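Here is a short briefing to read beside the structure. Keep the 3D view open and find each part as you go.

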Amino acid sequence: MADTDVRLTLVEGLHCASCVVRAENVLRETAGVREASVNLATREAAISYDADATTIAAIKTRLNDAGFTPEEESEHTHHDHRAFAGPERGRALVALTLAVPVVVLGMLHLHHGWSLWAQLILTLAIVVGPGRQVFLTAARGLPRGELGMDTLIALGAGAAFVLSLSAMAWPAWWPGMPPIHFETAAAIIALVLTGRWLEGGARAGAAAAVQALLDRRPPTAVKIGEHGDENVLAVSLRVGDRIRVRVGEVVPVDGTVDDGSGQVDEAMITGEAMPVSRHGGDPVIGGTVLVGGSLILRATRVGSDTTLARLAEQVRTAQGAKPPIARLADRISAVFVPVVVAIALITYAAWWWFAPELTAHAILAAASVLVIACPCALGLATPTAVMVAVGRAAKSGLLIRDGAALENAALITRLAFDKTGTLTSGRPVVERVLAEPGFTEAEVLSLAAAVEQGSEHPLAHAVRAAAFSPGGVGGPPALGTSGANATNEAPPRSDGTQVSSPIIPALDDARAGRPRPQGNAPRVGDFRAIPGMGVEATVDGRRVAVGNARHLRSIGADAPLLNLDLDGATGLFIAVDGRVAGLIAVADALKPDAANAVTALRDLGIKVALVTGDQLAPANKVARAVGISDVHAAQLPADKLTRLQAWQATGARVAMVGDGINDAPALAAADVGVAMAGADTANAIAAGAGDVVVLSGKPSAIPTFIALSRATRRTIRQNLVGAFAYNVLAIPLAAGALYPWTGWLLDPMIAAAAMALSSLTVVGNSLRLRNAA
């Protein structure tokens, strides 16, 4: 049977890198479990298991027996990391309340009578109350040799408590003043629990990106039923349901516009700041906000299949991924706790050997070693940075599918862009219109639009858009052209009179809801398509041909215009009654931020190339417009793959940016594959192409991603170096290495505070990534 995948949230028992290793070992040793990966920052366990060999209930039982408390998520639920701070906050506050009087009495050396009994009772209350879970988890692991952070804390606090209890019970056994250190045991537990509470709050902030996405889901929706509008739970919606969305409301599910029109704010999904217009048949993403108009949608994706749910799931998966740099930390964490316990025993033995009269000092020094060692900082160094960075990317319209891509992108030395749909919009637009003497540009465009009105060819769409839309000619910045005719209004004749287009006012009247006088609409008939050549039709009694130069020559129309160099654009030539009337140059519109993106990449020290399946002329045109000198045109998918592999063979780290369809082999082979989302963001998320998906479709997101990757790698290294340095310096200090020269011995209370602070420092450093790039 195929493997079954499940994700469990470990709400208890996961506190440090050693805990992660222990949890993974427990899962992997469970019969039927194929693979398991546990993430400290997200507290999630991703498990793949054989449903014929085990059950999810058996897996959860194994985890419970090992001291973890797993909870399974359903389709409509998600564990909010903010909720984890609740129990931790309660335990920390109770422990602090009980520990403060113990510490005060201990610091005043009031170790007699009622004071001594008060310290014992309050410390015991901490041990069996808020600190109980620490000791239970440690006790469960000892028989199996599973040692974690709780083992260190339990041994350290327990040693101080037992030492104090023995001094209280047999004071005469100790030379001098009996070593009463109840405040040490109480403070260790209280500070550790406080550190976990604060750390949990910080981790909730790091996980805020996923929660922010899921918080976009409205609880209710307005469903249009047989008896009119009715308010229903959003989770009850099904594919095919009709839903009404009013201004200011959040779209509950993915759908297409069934009726109405409006402007939709998609910033939360794509990072696009400006609202986008949506009309009949257009896709609308759940979680976006209708800021203008009114829409009736037909649901196309619901529940866990919605774009929002897929996006949140993929962000969570990426946040839980372990980049290669994390493997070193995992290997060290696997032996960290046993090594620390061994160092603590060596510390005690050394004190006992060289200063047998200082037995209390020996016990306290060993306790300090146990408490100050911090596997938490080591375990949090990588996952918290990855979590914050992936969340930061999601807010910028970047979906990072794999946490390893964050590390790999920081090392990129060469980046290859595909052209169509990547640097360009992938949508042809009319770049310019030229007219022969006796015709105007408006006439040429109107006649071509009339002939093409029934065609679904992309070039026909471009011609109609130019004729019907304000600013249609030139569209978005079209490869360095000025778009001189970018208006609805036709240019004047040489005598100053205005020539109107029969197409443009017809559309204007239709949009305004005005009836168009039938006599003013162009009469089109006798349409004929010539494959590979063009189309012909009769427009208002004149025979109009639209096609390539070969087609016009075949009908006997010829003029110097047919030989014009269009600099990579596609030429649609128009002939009227066998005479060349003009030319419409159509080109793929360059994305407005493409040139700036290439410049930013070069500023990052990355070599940029254009690798496209298009021909050399249009490829060179785009390359010149954006500033790319390394151009490889007419490349089939296999050619692109070969080109990338050749660069990699020279030692280059290569990123490929494409549309995720014909670029799939190159995206998969690249060190980092970046897929640009097109008009349908939902399909882009579902497609699975690329390690990274640019939901906004903007090339400028690429340098942003690489800069974020470099900042993340730098932060991870800072975290790991800081965690290693902390433990290397802190453990000898706690063992009393300076005592022979300074007489100074680290108090276990200070050791506990330092341990908690080291974890918070790592998390705080990772949170700085929220403002990166």
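Trp353 sits in helix α11, which spans residues 326-354; helices here are DSSP runs of H or I with at least four residues, strands are runs of E with at least two, and both are numbered from the N terminus. This is a predicted model, in which local features need pLDDT of at least 70 and side-chain atom pairs count only at pLDDT 80 or more, while totals for chains, interfaces and linings use all residues. Residues are numbered from 1 along each chain as its sequence is written, and side-chain values use heavy atoms, leaving out hydrogens and water.

- Trp353 counts as exposed because its relative accessibility is 62%; exposed means over 50% relative accessible area, buried under 20%, and partly exposed in between (1.4 Å probe, protein chains only).
- Glu24 belongs to helix α1, residues 17-28.
- With a relative accessible area of 7%, Glu24 is buried.
- A polar atom of the Glu24 side chain lies 2.9 Å from the backbone nitrogen of Val38.

**The whole chain**
- The protein chain has 27 helices and 24 strands.
- Of its 773 residues, 53% count as buried.

**Confidence**
- The mean pLDDT of the protein chain is 77, and 78% of its residues reach 70 or more; pLDDT is the predictor's confidence in each residue, from 0 to 100.
- Over residues 475-519, pLDDT stays under 50.
- For residues 475-519 the model has 71 contacts beyond four places in sequence, a contact being heavy atoms within 4.5 Å.

Notes:
Polar contact = N/O pair within 3.5 Å; in protein donor to acceptor, adjacent residues only side chain to side chain.
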